[in-house]
Amino acid sequence: MLKKTADRERVLPLLEELGGVTEENVKRVHELTGVPEADIWGSGTFYHLLKGGPGIRVCNGLSCRIMGSDQLAADLKAKGKEVEEVSCLGQCDRAPAALDESMKVFDAAKQKRSITPDDPRLPLNLGGEQNFEYAALKKARELGRDGILKQIEASGLQGRGGAGFPAHIKWKGVSSQPDPVRYVVCNADEAEPATFKDRETMLRRSDKMIEGMAIAALVVGAKDIYFYIRGEFNAEAEAVQAALKRAGDHVKDWNWHFHRGHGAYICGEETALLESMEGKRGMPRLKPPFPHEFGFRGKPTLVSNVETFACVPYIINEGGEKFKAWGKTEAGSKLYCISGHIHNPGVYELPLGATLEELVQAAGGYMGNPMAFSPGGASSGFLPIDKRNEPLDFKGLQKAGTMLGSAGVVVLNDTVDMARAAQWQLEFFEDESCGQCAPCRIGSRYLHNQVTKYLETGDPAALKHANDVGWEMEEGSICGLGMVAHKPLVDSMKYFPQAFEKR
Amino acid sequence: MSKTFNIKIDGKECVALQGETVLQVARREGIEIPTLCDDKRLDPAGACRACLVEIDGQRRLQPSCAWKAADGQDVKTHKVSERVQRHQDVLVSLYMADHKLDCEGLPIETGNGNDLRAWAKDCSTLQLEPVNAPRVARPGDVNPYIEFDPELCVLCARCTRYCDEIEAVNAITLTGRGSETTIGTAGMRGLLDTSCELCGGCIDTCPTGALIEKKAEKTLPHEVEKVRTTCNYCGVGCQMDLNVKDNEVVRVTSPEPGTTVNDGNLCIKGRFAYDFIHHKDRFTEPMIRGEDGELHPTTWEKAIAFAAEGMKKVAQRHGPEAIGFVSSSRCTGEENYLMQKIARAAFKTGNVHQCAAT
Ligand SMILES: Cc1cc2nc3c(=O)[nH]c(=O)nc-3n(C[C@H](O)[C@H](O)[C@H](O)COP(=O)(O)O)c2cc1C
Ligand code: SF4
Ligand code: SF4
Ligand code: SF4
Ligand code: FES
């Protein structure tokens with residue numbers, strides 16, 4: 001039911017300000033907003049960061065685990081520190097990563113991280129200096145709605161948030177709604193394990209992202225623009241704010257608003273993100289209706305990823321065709337994140353459709369004998385290393401039964417037990433499932449339990465029903481989380497059967 | 001009149017009205033689709049996934065409870081689609097791995113029924129190991145009527161949506177996340193310490209008996225005979241079903257939503273305050289207090305004559321203004337009419353009131 005949401009939107013920020021969900025805080029927020037206490041409690045308990053301050057947060061993501069996060073946690077505990085194990089922190093290039101009490105990255109990195117060096121020709125060029133002349137925005141104003149859309153269409157830009165949906169269709173979709181109030185939302189909740197490209201983009205090239213958002217707002221006719229930035233990304237939020245200040249008068253036509261995540265991976269899913277912005281539990285909505293018709297506060301809303309927006313200035317400045325030409329199998333250049341068993345984890349801007357082999361070359365080569373890789377975060381499952389020469393793009397990987405997703409690539413060498421890797425990924429999905437629908441809520445726990453049982457007993461009988469359950473999670477779940485949560489296990493069983501034999 | 005068009009369900013041509021969901025059309029046509037989270041009074045949640053069907057042109061299975069029928073749509077249910085049937089088989093198996101089962105391995109039934117049980121019987125289920133989800137109840141909740149057992153809860157959120165969308169009370173909420181999700185209150189307090197009005201509507205909408213009436217836990221739905229009656233606690237005229245077992249009212253339930261004025265709703269009195277029916281102190285015949293100060297059984301004729309006599313005496317001695325009439329909110333409109341007629345016509349006084357008037 002669509003409710004008056006104005007006061008509800010204050011619930012989560014207020015809870016955070018007061019120090020998390022406690023009975024007293026809930027009462028206080030109820031007095032301040034008029035939202036029923038139970039609703040405040042229900043919303044607050046959904047979010048990890050509203051549970052009240054723990055000590056050090058040690059990442060238990062795959063890349064950190066293979067770099068020894070368990071040991072790091074044990075060492076810290078031995079020193080008498082309070083340690084909490086948390087889902088991937090988006091710092092996989094600093095593995096094993098941890099955040100200290102004030103959410104600062106705690107440096108225990110074992111590899112030398114790197115990034116594509118400055119090259120002014122590159123569309124995103126993370127290594128370059130920020131530039132606030134905003135020539136693209138000026139040009140966009142001259143081009144007008146249709147002129148901009150023509151360039152976006154010509155560029156072949158696909159959304160970089162995971163689904164690879166053509167940007168121009170979405171932009172057109174929002175701009176052609178009858179409702180005159182529309183919103184632009186930047187999805188900066190980046191929490192897909194092994195993904196940290198939006199983090200680097202915000203830190204290094206907020207200029208491009210902000211300019212892209214302003215151009216999008218011109219096209220869809222939005223006055224209000226929102227950021228939804230992952231709760232742990234404090235330095236990134238500050239970088240965006242600083243850039244916004246520097247953009248100054250160029251972007252004064254719009255009201256810029258900041259929302260912070262509160263510790264829930266699922267809030268990266270666009271409709272869960274909107275629910276969260278409205279102060280509710282981050283449970284994905286049924287689609288249709290899609291956000292372009294029924295988005296934030298029920299209004300037409302363009303939700304797009306940080307990187308997608310950051311591609312836009314180049315497209316307007318240089319023309320869509322030129323952006324497109326950067327790609328190999330699909331349009332444009334792409335930020336690939338890579339971590340795991342390679343020498344220089346980091347974010348690399350390569351032609352879309354680059355292969356794992358090319359990416360690893362940019363990242364300083366393999367560590368040890370490579371055996372498997374994830375092409376796009378935990379959601380993409382695992383592929384055997386013999387696919388190292390396949391293009392990492394949206395359509396090709398989808399055909400191969402996996403996905404490019406957020407382009408969070410992880411390489412595993414032959415020291416890794418694939419059953420163990422699958423268990424780690426399932427632990428993540430069980431923890432992060434919103435719990436709304438049974439296939440995902442029960443299925444991810446079931447698979448996590450069963451692979452754990454297999455690891456304990458060595459008896460493959462524990463995994464007898466894994467394929468059926470995985471099939472149902474894909475068919476029956478509401479959103480993309482549940483649809484792919486089985487993949488790390490089911491795909492590993494397919495590609496690495498020897499890892500699941502009797503032991 | 002709203003627009004009508006045809007859709008096909010399992011090959012059968014069905015007439016649909018603009019705005020209807022596929023489930024609504026199917027139900028009218030007698031095509032059965034299982035549901036857990038659907039309650040026609042509530043906005044569709046599409047969360048339980050029981051009602052998924054194949055819709056021509058859609059890559060994914062879609063919830064028929066939320067999917068709008070459209071002209072020419074071709075829909076396949078589990079009766080003709082192997083994919084939908086397999087989906088149901090595994091889904092039910094997952095629900096059962098997260099549910100209290102009886103010795104036959106079926107979802108157990110409480111006094112409030114369990115739709116999952118009937119559905120499980122229709123499916124070829126897998127024997128999945130129990131998942132032992134860490135869901136909590138509210139063990140300290142001392143409210144007299146409502147009990148919650150998380151091990152029977154399928155998290156359809158009907159109770160919380162009912163409390164919000166129908167009662168507008170918002171006493172209960174989904175709380176926690178993932179496999180820990182459960183039904184809670186602010187601070188996990190007992191219902192008496194929340195905004196709860198103890199209407200019991202959450203029990204009524206619960207499909208699996210995770211919410212049960214404390215007083216009526218044991219008696220299973222098939223053991224009772226339902227007797228339709230009108231609630232006489234107030235003048236609204238809610239219809240209710242007395243659940244009768246061995247000549248005793250063991251529970252009160254509300255009729256199907258959409259069939260009576262109260263649309264499946266009742267209040268705390270109608271739903272829970274039925275203990276008086278068989279109470280030992282209940283008056284079951286007219287009585288007159290004698291000279292000895294005790295009540296003595298009598299007949300209606302004598303009792304009414306006695307009361308009339310007494311009132312007339314007061315009027316004679318002190319005048320009609322010395323008498324006032326207050327009727328109960330439990331009276332019907334007709335009874336209230338008669339009450340004011342006695343006041344005005346028989347006793348010639350304007351002192352007449354009704355306790356529900358303010
Ligand atoms: C479980 C889940 C998590 C997601 N997380 C993110 C995320 O962190 N950042 C993001 O941009 N998109 C994420 N998405 C994709 C969004 O739903 C949405 O498609 C995207 O923000 C659209 O932007 P784009 O068109 O620029 O790709 C996620 C999707 C799912 C199903
Ligand atoms: S698939 Fe998982 S995360 Fe998505 S709506 Fe269902 S329970 Fe929530
Ligand atoms: S008894 Fe009524 S008011 Fe109380 S929780 Fe249930 S639905 Fe809400
Ligand atoms: S208690 Fe009943 S109505 Fe409420 S969510 Fe659980 S199963 Fe559904
Ligand atoms: S009845 Fe349709 S999803 Fe529950």
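Reply: Searching the whole structure, which is a predicted model, turns up 0 disulfides over all chains. Take B:Cys267: the nearest cysteine sulfur belongs to B:Cys231 and sits 6.2 Å away. A disulfide needs the two sulfur atoms within 2.5 Å, so B:Cys267 is in no disulfide. B:Cys267 is also partly exposed, at 40% relative accessible area.

Over in chain A, A:Cys479 is buried, with a relative accessible area of 12%. A:Cys479 is also one of the residues that come nearest to ligand 2, along with A:Cys434, A:Cys437, A:Cys440 and A:Gly482. The shell around that ligand has 13 residues, and they split into 8 nonpolar, 5 polar and no charged.

Now the backbone. There's a cis peptide bond between A:Ala95 and A:Pro96, with omega about -5 degrees; A:Pro96 is in the loop between β2 (83–86) and β3 (98–99) of chain A. Another cis bond joins A:Lys287 to A:Pro288, with omega about 0 degrees, and A:Pro288 is in the loop between α10 (270–277) and β9 (301–305) of chain A.

Positive phi values turn up too. A:Ala407 isn't a glycine, yet its phi is near 60 degrees. That alanine, A:Ala407, lies in the loop between α14 (394–399) and β14 (408–413) of chain A and is buried at 0% relative accessibility. In chain B, B:Leu155 has a positive phi of about 55 degrees. You'll find B:Leu155 in the loop between β6 (146–148) and α4 (158–166) of chain B; with a relative accessible area of 4%, B:Leu155 is buried.

How values were computed
Residues are numbered from 1 along each chain as its sequence is written. Chains are lettered from A and ligands numbered from 1 in the order in which they are written. This is a predicted model: local features need pLDDT of at least 70, side-chain atom pairs count only at pLDDT 80 or more; totals for chains, interfaces and linings use all residues. Side-chain values use heavy atoms; hydrogens and water are left out. Buried means under 20% relative accessible area, exposed over 50%, partly exposed in between (1.4 Å probe, protein chains only). A residue is near a molecule or strand if one of its heavy atoms lies within 4 Å of it. Ala, Val, Leu, Ile, Met, Phe, Trp, Tyr, Cys and Pro count as nonpolar, Asp, Glu, Lys and Arg as charged, and the others, Gly among them, as polar. Helices (H or I, at least four residues) and strands (E, at least two) are DSSP runs, numbered from the N terminus.
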